[in-house]
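Notebook open, viewer open. I want to jot down what I looked up, one item at a time.

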Amino acid sequence: MSNLLYSNPLIQFKMKIIPAQFPAKKSTMKPASISSRLQNSQTPSNQQLNLSVLRFTLGIPGLDESYLPRWIGYGFASLLILNHFLGSDSATPTPAQLRTEAIGLSLAAFSVIIPYLGKFLKGASAADQATIPEGTEQIFVMSQNILDTKKEDLAWATYILLRNTNTIAVLISVQGALCARGYWNIPEEASRKNLLEWFEKQIERIGLKNLKDTLYFPQNSDSVLWELLPKGTRSLLVQPVLQVPKPGANQMEGIEGEGFVLLASSRGYAYSDRDKAWIGALANKFGEN
Amino acid sequence: MEVGSLYFHCRPIPWSPELRRLTKPTLPRFLFFCRASSSSSNSRADYKGPKPRRDWVADLVSNNDDAVRSLPIYVGGASLLAVLINRTVSGIAPVADASSSQSRADLLALGLAVTNILTGLVWLSIRPKPISVVNPEGVECQRIYSHLPDSVSSELLWVWESLSDVTCCRTLIVVYDGHCILQIGFAAKSSIGDGEPVAVDAIKLTQGSLYQNVIKSGAQTYLANLSLYPGKSELPFLPSNTQAVILQPLGEKGVAIIGGDTIRGFTTSDQAWITLIGEKLDATIAKNVKNLTLSAQE
């Protein structure tokens with residue numbers, strides 16, 4: 001079998017039919033290697049061949065086999081406990097049985113956390129698609145008193161972020177210009193006209209304007225930052241837009257923050273390192289102007 | 001005041017979620033209170049929200065990828081042995097029936113151990129194959145068409161910086177309207193003897209079949225392993241050991257040629273980003289440059 005790159009069984013991956021020999025599979029990682037890219041194929045329009053991963057599956061569509069250890073762990077742990085209380089021949093269980101049950105329960109606990117650990121391995125990518133949370137509406141607002149080229153840049157940037165990453169809502173604020181796009185929870189008191197002012201007020205309250213570090217919250221957390229976001233948000237990435245230092249500028253002054261790019265997703269751990277790198281590159285575009 | 005002096009201690013510590021620092025989990029809240037209490041004295045309000053916790057589980061697993069992959073096998077195998085030893089040491093007859101509760105508990109534990117071993121085997125089998133970087137042979141160059149407006153040239157340079165930072169791209173060539181408007185990164189060394197980077201013959205390129213196919217289909221072409229493609233001869237300006245090439249059409253008048261240093265080095269996410277960046281670049285160039293040959297004559 002030729003050496004193919006594998007991924008989660010529910011994700012199809014692309015392979016080019018190349019009539020050549022693959023190099024031998026090396027079992028040791030080279031120090032200068034680049035880890036490969038196992039991503040969900042979202043562009044079926046090119047001519048590469050789609051092959052399902054050759055891996056053991058139950059064949060049931062929609063069932064995520066990587067969570068099977070967790071269910072087995074829960075099921076067997078409950079059976080063990082049932083056996084302990086209901087199935088003993090004598091009144092008290094023997095020490096041997098207690099030892100076995102201890103081993104069994106710790107194994108079950110380990111099985112339960114296996115899918116969680118598997119999420120962080122190289123090449124793992126979650127199969128669940130981003131869902132649009134309830135109660136949100138799709139909006140696209142932009143500051144009006146800016147140059148046309150700036151408007152085009154903002155429109156294109158929000159479009160590319162919504163399309164290429166697992167984002168449901170994006171908010172860009174740079175040099176006084178604001179653009180919000182995607183699915184947001186808008187309170188009733190903010191009408192279409194003062195939507196921008198509502199966003200401005202929220203940003204002032206959280207103090208995002210002077211941000212200098214990237215913030216990435218891969219899981220839901222209760223904090224003031226999250227009141228701004230749509231209800232079903234599970235991960236959040238805020239990328240500051242830093243001013244590109246002009247050549248010859250005084251290095252001691254420090255880099256001023258010029259704005260930020262805020263991305264909200266309805267999936268946990270939605271932004272991989274590659275995604276974050278691209279988002280950083282996009283933020284640099286605004287920093288140069 | 002005490003709070004004020006504490007603020008000055010907090011201020012220079014940059015907090016980044018990716019930093020691997022051994023700080024206590026209570027520290028972010030400490031910083032938070034620091035900043036919030038004295039931010040009113042600043043004219044520009046500092047960020048008052050929470051700082052993200054460092055996700056040590058994720059870091060631990062990603063750094064010890066191989067060890068974590070084989071961990072379930074060891075755990076399952078050790079538990080299997082423990083159950084069997086327990087059964088023999090306790091003097092129970094080695095009969096695999098479910099009549100006594102001891103046997104049932106043993107069977108359940110064995111089932112769990114086998115699940116763990118299988119999961120470990122699956123994880124080992126799906127380990128991605130590491131691919132090595134091949135450094136391009138050639139000389140660095142940066143040639144940009146001199147009669148471009150500033151907006152276009154800054155956009156081109158931004159595209160180059162993004163691609164070289166994020167992807168495995170080492171060469172970028174943009175050909176538009178029969179002219180090569182950008183050649184940046186590594187280029188093949190000219191064999192004439194002066195060691196200059198090979199220039200892009202845009203006319204010859206636009207007449208070649210590779211270019212024609214890309215423009216006709218209007219879709220991105222990804223040559224994941226360039227050494228296997230006979231069309232490689234149409235790209236003599238790329239370093240000879242370029243591993244992967246993406247040809248992105250810019251509308252109907254141009255193409256961007258992106259050379260990478262790893263076989264199959266561009267992910268599908270990269271391809272999607274490059275497609276959309278190509279559209280933006282085409283819009284920018286088309287809007288700002290009416291006719292390249294005319295502008296050259298001015």
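Helices (H or I, at least four residues) and strands (E, at least two) are DSSP runs, numbered from the N terminus.

Ground rules. This is a predicted model, where local features need pLDDT of at least 70, side-chain atom pairs count only at pLDDT 80 or more, and totals for chains, interfaces and linings use all residues. Residues are numbered from 1 along each chain as its sequence is written, chains are lettered from A and ligands numbered from 1 in the order in which they are written, and side-chain values use heavy atoms, with hydrogens and water left out.

Entry: I then listed who makes the contact (heavy atoms within 4.5 Å). From H5(A) the list includes A:Arg274, A:Trp278, A:Leu282 and A:Glu288, and from H6(B) it includes B:Glu155, B:Trp158, B:Leu163 and B:Val166. By type, the contact residues of this pair split into seven nonpolar (Ala, Val, Leu, Ile, Met, Phe, Trp, Tyr, Cys and Pro), five charged (Asp, Glu, Lys and Arg) and three polar (the others, Gly among them).

Entry: H3 of chain A. Next came burial, where buried means under 20% relative accessible area, exposed over 50% and partly exposed in between (1.4 Å probe, protein chains only). Among the buried residues of H3(A) are A:Leu154, A:Trp156, A:Ile160 and A:Leu161.

Entry: two loops in chain A. A:Asn210 sits in the loop between helix H4 (195-206) and strand S7 (215-217). A:Glu256 is in the loop between strand S8 (235-242) and strand S9 (257-265). They are 46 residues apart along the chain, with C-alpha atoms separated by 7.6 Å. A:Asn210 has a relative accessible area of 10%, so A:Asn210 is buried; A:Glu256, at 35%, counts as partly exposed.

Entry: chain B overall. I noted ten helices and seven strands. Of its 298 residues, 48% count as buried.
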